[in-house]
Every structure is written in C-alpha cells, then in structure tokens.
Amino acid sequence: MTLHLIKLCVGADDVEDLQNWQNARLAEKRKRKEKPVLAHVTRMVPTRAAEILDGGSLYWVMKGIIRCRQRIVDIEPFVDGEGIKRCRLVLDPEIVLVRRRERRPFQGWRYLDPKDAPEDVKGVDEVDDMPEDMRRELEELGLL
C-alpha cells in the first residue's frame, strides 16, 4: 500500500520559489560535476520506507497550505560528517500542483495516508496564479 509524507516547506513563499531553489541546487551540482539528484535531507528515517517507495510523494506545505507534491524515488539513510544519523529523501524533479488544503504547522515530516492527500490539479483553469486572498474567499464560498 502506498504511503506519503508531508512536510513544511520553510523558506519558499510559493511553488515557483520551490522550483527556482531546486533548479539552482541542480545547476550547482552539475557545475561541480556531481550527479544532479534532487534530495531533501531530514533527521528521521521513515520506518515505513517500503510503503513510501511504492508510489509515495512528499507533499509540501507553504504558508499553512498544502500546495504541491513530488514523488519520492528513494530513501537513503546516512551518517553525516559529525556522526549524526540523517536521511536523504530523493525526489523526482517534477513538481505536481495539488488542490490546495490548509494544514496547521508541525515539526519535521509526518506520514500522510493516500485517502487524506489532496488531489492533483488537472485542468488549465486550476492554475495556481490566483491572488491568495481571492482564492481563499472562493474556497470558503465553495466555488473552488
């Protein structure tokens, strides 16, 4: 059974910020002749890795709203230079927009059951460039 992770995206105001940051990281790796792999490093290793690697994604929360996801392609536990155990979540570079959903702040990452995950945005009319206050008001009215 597939399982997802959810995490706060600290430092990115929106999906474009996240995409730009990730593109810059990949460009730096290419410049240093490193393998251009996109990964997010976290302290805790998921104990349910097999379920996550069975099609799971990392859902990003930005400013209190789940905005997008990236498929997790590998989970690599490692020990850093200071002897601290860490985990590298290797991500597919494609960022998939999802139907926006509010989410309260939390620390670290959490498991996210597929039934609780927001659906992917599929139509052109659902593009994520609407002003935040207008989108929120339309969502409250049940129009989005």
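## Report on a predicted protein model

Of the protein's 144 residues, 35% count as buried, where buried means under 20% relative accessible area, exposed over 50%, and partly exposed in between (1.4 Å probe, protein chains only). This is a predicted model, in which local features need pLDDT of at least 70 and side-chain atom pairs count only at pLDDT 80 or more, while totals for chains, interfaces and linings use all residues. Residues are numbered from 1 along each chain as its sequence is written, and side-chain values use heavy atoms, with hydrogens and water left out.

The protein has three helices and seven strands, in the sequence pattern β-α-β-α-β-β-β-β-β-α. Helices (H or I, at least four residues) and strands (E, at least two) are DSSP runs, numbered from the N terminus. Among contacts with a separation of 6 or more, 68% join residues 24 or more positions apart; contact means heavy atoms within 4.5 Å.

V45 lies in the loop between β2 and α2 (49-52). V45 counts as partly exposed because its relative accessibility is 34%. Leaving aside residues up to four places away in sequence, V45 touches P77, R86, C87 and W109. K85 is 40 residues from V45 in sequence, and their C-alpha atoms are 8.6 Å apart.

W109 also belongs to an aromatic pair. Rings of Phe, Tyr and Trp (its six-membered ring) pair if their centres lie within 6.5 Å; planes under 30 degrees apart count as stacked, over 60 as edge-to-face and the rest as tilted. The count is one aromatic pair. W109 and Y111 form it edge-to-face, at 5.1 Å centre to centre and 75° between the planes. W109 is buried, at 12% relative accessible area, whereas Y111 is partly exposed, at 29%.

Two rings have a charge over them, a term that requires NZ of Lys or CZ of Arg within 6 Å of the ring centre and within 35 degrees of the ring normal.

| Charged residue | Ring | Distance from ring centre |
|---|---|---|
| R48 | Y111 | 5.2 Å |
| R88 | F78 | 4.1 Å |

The lining of the largest pocket has 18 residues, with L18, W21, Q22, H40 and W60 nearest its centre. A pocket is an open set of points on a 1 Å grid over the protein atoms alone, where a 1.4 Å probe fits, with protein on both sides within 12 Å along at least five of seven lines; lining residues have an atom within 4 Å of a point. β1 (4-8), α1 (15-31) and β2 (38-42) each supply at least two lining residues, and α1 gives the largest share, five residues.
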